[in-house]
Amino acid sequence: MPQPATSWSVIRDKSMSFLNGQGGRALFLILEVLLNFYFIHHGPFHAIDWKAYMDQIETIRDGERDYMKISGRTGPLVYPGGHVWLHWLLHSITAGGTNVLLCQYIFLVVQVATSFFITSIYWAFVPQPFAVSAMFLLTVRCRNVYVNGLFNDCWAMLLVYCAIWLGLCKSRWSSALLAYSAAVSIKMSALLFAPGMAAVAFCAAGSFLKLVTWSLPAAALQLAVGFSFLASHPWSYLHRSFELDRQFFHFLSHNFKWLPKEIFFAKWFQASLLVCHVSLLLYLCVRRRWLSIQSCDRYRLLAVILVSNFIGICFCRSLHYSFYSWYFHTLPFLVSFVRWPWAVRYAFLAVVEICWNVWTPYRGDDQDSTCASPKASFILTCCHVLLLVSVILRRP
């Protein structure tokens, strides 16, 4: 009688060894490719922002360098120079953005490359990485953001995770900071990772002078991608590409649409979110000693980087359709970091995914009842608060 149980234990152990080894990682990446192919040929193509990017590039190709005069069908150009030169290249490769299938295949490569870096990080530091990462395969919203939305967020996040991989896995911090700077040059949302990246890089450097030396190529990159605009219209470039006072749409907000418009647009609400964001980061630096982590293992260092980004997500006034990509790949790590039971982890991730998938097609005559859902928005906010509190209260 004991023999079958023993055989089953051997099969289970070998299966887990395979899934949590490089074989499981290869299987994961193959499944990612197949799922992306399916979404390209069966998912809804909705690349509205992509068309705006192409409009803006055509204006720049015609010689315009004043950011105040560059716009597309969805609004003005509000991204740094890295976004411009990247999409200039894509404009050339894809016949002005009209070769849709080629565009989607390029973003398939971006998505799989992102998964490559994410799995490299998870398989290096996270216990039972296949089980932790399995939720990636089930996403609908984030996959649509990549291969059917063609958002610039995808490129920024690819470079962020490349930077984390270079820093934590390869200990090449100068290259890591250069890759991170490239991410910021495409979309400034990458700055949400900055507090954690700075803390970990400082501890890796051991001195402020060495950190500055590592950062010089990153600073030079920012000047290089913006030079064409800074040389002619510096204020326009700095104001538009890093527009900190930008007003987001209430009807598109996935996290705070449940609030009345009067509160959502109120200056005091915006200021309160900023104060809470900064205060919580300072608390973690002072009370949790983020700047005294030289002796921590790389798992804890990864937590510092990803938690700093998630804090920023929680206090963003508005999370639009594509912003899910800013933290989607970090959620499995975070729910593992707080040591929730496996059933709770999967249930939490499923609820977050469902909230992001509740979407009503846009109607110009009734914006308030279209796009993001107030009910799903409230539930998503509650999920963010629950995870944030669990992270803060987690004991070492």
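This dialogue walks through how to read several features of one predicted model.

Trainee: How many helices and strands does the protein chain have?

Mentor: Helices (H or I, at least four residues) and strands (E, at least two) are DSSP runs, numbered from the N terminus. By that reading, the protein chain has 18 helices and four strands.

Trainee: How compact is the protein chain for its length?

Mentor: The radius of gyration is taken over C-alpha atoms, and the globule rule is 2.2 Å times the number of residues to the power 0.38. Here the radius of gyration is 22 Å, close to the 21 Å that the rule gives for 396 residues, so the chain is as compact as a globular protein of that length. Along the principal axes, its C-alpha atoms fill a box of roughly 80 × 50 × 45 Å.

Trainee: What share of the residues counts as buried?

Mentor: Buried means under 20% relative accessible area, exposed means over 50%, and partly exposed lies in between (1.4 Å probe, protein chains only). Of the 396 residues in the protein chain, 52% count as buried.

Trainee: How should I read contacts along the sequence?

Mentor: Contact means heavy atoms within 4.5 Å. Among contacts in the protein chain between residues at least 6 apart in sequence, 75% join residues at least 24 apart. Leaving aside neighbours within four places in sequence, Ser325 is in contact with Cys142, Val145, Tyr146, Asp153, Met157 and Tyr161.

Trainee: How can I check the length of a helix, and what covers H10?

Mentor: The expected span of a helix is 1.5 Å times one less than its number of residues. For the 12 residues of helix H10 (residues 194-205) that gives 16 Å, and the end C-alpha atoms are 16 Å apart, which agrees. The buried residues of H10 are Gly196, Met197, Ala199, Val200, Ala201, Cys203 and Ala205, and their cover includes helices H8 (153-169), H9 (173-186), H11 (208-230) and H15 (298-314). After H10 comes Gly206, whose phi is positive, near 85°.

Trainee: What does the reading of H18 give?

Mentor: The 20 residues of helix H18 (residues 374-393) should span 28 Å, and the end C-alpha atoms are 29 Å apart, which agrees. Among the buried residues of H18 are Ala376, Leu380, His384 and Leu388, and the cover over its buried residues includes H14 (267-286), H15, H16 and H17 (342-357).

Trainee: Which residues other than glycine have a positive phi?

Mentor: One of them is Ser171, with a positive phi of about 55° although it is not a glycine. Ser171 lies in the loop between H8 and H9 and is exposed, with a relative accessible area of 57%. Arg339 also has a positive phi, of about 65°, although it is not a glycine; Arg339 lies in the loop between H16 and H17 and counts as partly exposed at 48% relative accessibility.

Trainee: How many aromatic pairs does the structure hold?

Mentor: Rings of Phe, Tyr and Trp (its six-membered ring) pair if their centres lie within 6.5 Å, and planes under 30 degrees apart count as stacked, over 60 as edge-to-face and the rest as tilted. The structure holds 37 aromatic pairs, including the stacked pair of Phe333 and Phe337, at 5.9 Å centre to centre with 15° between the planes. Phe333 is buried at 0% relative accessibility, and Phe337 is buried with a relative accessible area of 6%.

Trainee: Where does a charge sit over a ring?

Mentor: A charge sits over a ring if NZ of Lys or CZ of Arg is within 6 Å of the ring centre and within 35 degrees of the ring normal. The charged end of Arg317 sits over the ring of Phe264, 5.6 Å from its centre, and Arg143 lies over the face of Phe39, at 5.8 Å from the ring centre.

Definitions and conventions:
Residues numbered from 1 in each chain as written. Predicted model: local features only at pLDDT ≥ 70, side-chain atom pairs only at ≥ 80, totals over all residues. Heavy atoms only, no water.
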